[in-house]
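Work through the exercises below with the structure open. Try each task before you read its solution.

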Amino acid sequence: MRGKLSFVLMAFALMGLLLAGCGGEDKKEAEAPAKKLILGVAGAHSGDLASYGLPTVNAAKLVAADINAKGGVLGMQVEVVAQDDQCKPEMATNAATKLMSDDVKIVLGHICSGATKAALEIYRDGKIVCMSPSATNPPLTQSGDYPNFFRTIASDDAQAMLEVEFAKKLGLKKLAVIHDKGDYGKGFAVFCKQFLEADSGMEVVLFEGVTPGAVDYSAVVQKIKNSGADGVIYGGYHPEASKIVTTMRKKGVEIPFLSDDGVKDDTFIKVAGEYAEGVYATGPRDISANPLYAVAEEAHKKEFGSDPGAFFFQAYAASQALLNAVEKAGGTDYDKVVEALRTQYVETPLGKIKFDERGDAEGVGFSVYQVKNGQYVELK
Amino acid sequence: MEYFLELFFGGLTRGSIYALIALGYTMVYGIIELINFAHGEIYMIGAFTGLIVAGVLGALGFPGSAILVFAIVAAVIYSAAYGFTIEKIAYRPLRGAARLSPLISAIGMSIFLQNYVMLAQTSDFLPFPSLLPELGFVKHFKGILGSSDFIIIVTTIVVCVALTLFIKYTKMGKAMRATAQNRTMAQLVGVSVDTVISVTFIIGSSLAAVGGVLIASHIGQINYYIGFIAGLKAFTAAVLGGIGSIPGAMLGGLVLGLTEAFATGYVSSDYEDVFAFALLVLILIFRPSGIMGKEKIQKV
């Protein structure tokens, strides 16, 4: 009997403690009426694809520093909180949950489409606005599933359409379409295939996925050679692209190699070396004539002592757009911020932008680049 | 027919790559029944050492063949030191423990080494210079068989034969076989088991290092993660051929490489791994100890 009583007492005591805990937290929230505005930055900050994610963190820091120096957003100092997802969906959901539990209302990220998609459900349910500088998978905006999602980069089908038009301009008729089976690469390849099949003058002679990280790709290169293709379109990232191009050239397959934004990275040229020469890749339009572009680049050089990396300017623009929207909305209220993103123009290095109903930035797009003398040069 | 030959030699090269790495797995397993998951990382460290040495010597203006020799020698020494140390640190203290403990220790070692190289070097891909010489007579096979393919295939065969002879005819080889059969008995008749195990790790790691330099030079790029997939495939090859058996590792590597090449060539590269692992399952159903593996009588 006594044992039971003390058990009950203890249970009450524990419950009391829990309640006290809750009370304490309530108070803390009420006490801090957001003196600072947290800008969450999620993406690949380590691992294979860190070179795509780290420039975004730098961009967010620079924009935050710039705005803080001018008095902040609505008097709030902007703080950048980074979360690493290594471009892995399972880590992206962790990152998203962490950001949500930190009460972050605006997130810049994620970097890879697969990771972004995984995180978006969490953001949507938590009424968090998410803006990616680099996730180009079309359904992210076109499906209408994620009204909280925006991006400052054009989607893959825009890129694929340009790629196919360009292949046509080169006079290619039989194309081998290869991809890396990932959300990004395969998505791009499937669009290319659709556009190619819609065109009566062109055909797809080979459509295959390769396993990323495989020891070599000689069998698939033999297959390309054997298919009689006069051009290759590759959807995926640079590590596999450089292996495939190197193997092709070593085996004497000299047909044009066209790829996507995942390959338009200086690491590709560094790794593939002489074999990278002449490779075409689509990537965001050259915006270096924009005066704000020079400002952002200068700021990066001054702060970090190096040239900005991939998606830096998209991230810079996205940070500006997000913070501007909070300012125009008069706070972090979800509906108002979304409304502001869709209606209010903001000056960015990408130009003067706002977002359409689906969340795509208006007036950003792609160009075709070619490797010439060890550098990507925009073809006009 | 030409297409078939192209695929065949492509598969042969890939199979030789697997076999060269699989030898290390199979030797260690044969002696101490441990799957050394850090073996793939030794291969990766060998490749990195080769890259660093080649970079330095290249800058000093050494001729190509000298660079290749020095890069391989340096990679072998460095990787062998790693293999030796890993065994001392991570496996020897656990020798009496349950079988699962050294296995976990091996996985931990693998993750540690990957991250160590990532932090000490870079997470980016790095270009690897093509150190392998262009052989004149291979030109006749242009498109079917390249110089580097030829060198890799020949190296693997030579290494495999040499290793078999070493184990069959030398004193150390005899000691190895004795240790593999029964460690306690070997110890009783005066075999220094610790030395035998250390030598096994040193040989296995050296082979992985040779493989690392050759393969990186063939493919032209490396990063800290290459050991993982190569290691996994090589391990599969070792199991396929019968783990513990040296000709088995060679055979398993070739069977795996050829299966992958033909699956890609005649079906689709989407199904490359499906075919490779379906084959593994089939062989293990009908021959549980692999193609060349000996049926083991359970010791009571």
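Helices (H or I, at least four residues) and strands (E, at least two) are DSSP runs, numbered from the N terminus. The model is predicted: local features need pLDDT of at least 70, side-chain atom pairs count only at pLDDT 80 or more, and totals for chains, interfaces and linings use all residues. Residues are numbered from 1 along each chain as its sequence is written, chains are lettered from A and ligands numbered from 1 in the order in which they are written, and side-chain values use heavy atoms, with hydrogens and water left out.

**Exercise 1. Backbone of chain A**

Step 1. A cis peptide bond links Gly109(A) to His110(A), with omega about -10°.

Step 2. Most residues other than glycine have a negative phi, and most peptide bonds are trans.

**Exercise 2. The interface**

Describe the contact between chain B and chain A.

Step 1. Count residues in contact (heavy atoms within 4.5 Å). Chain B gives 35 residues and chain A gives 33 residues.

Step 2. Take the buried area, the accessible area (1.4 Å probe) that two parts lose on being put together, summed over both. For chain B and chain A it is about 2,700 Å², with 49% from carbon and sulfur atoms.

Step 3. Look for salt bridges (a side-chain nitrogen of Lys or Arg within 4 Å of a carboxyl oxygen of Asp or Glu). There are 2 salt bridges between the chains. One of them pairs Arg14(B) with Asp216(A), the closest N and O atoms being 2.5 Å apart.

Step 4. Which helix of chain B gives the most to the side that touches chain A? The answer is α1(B), with 7 residues.
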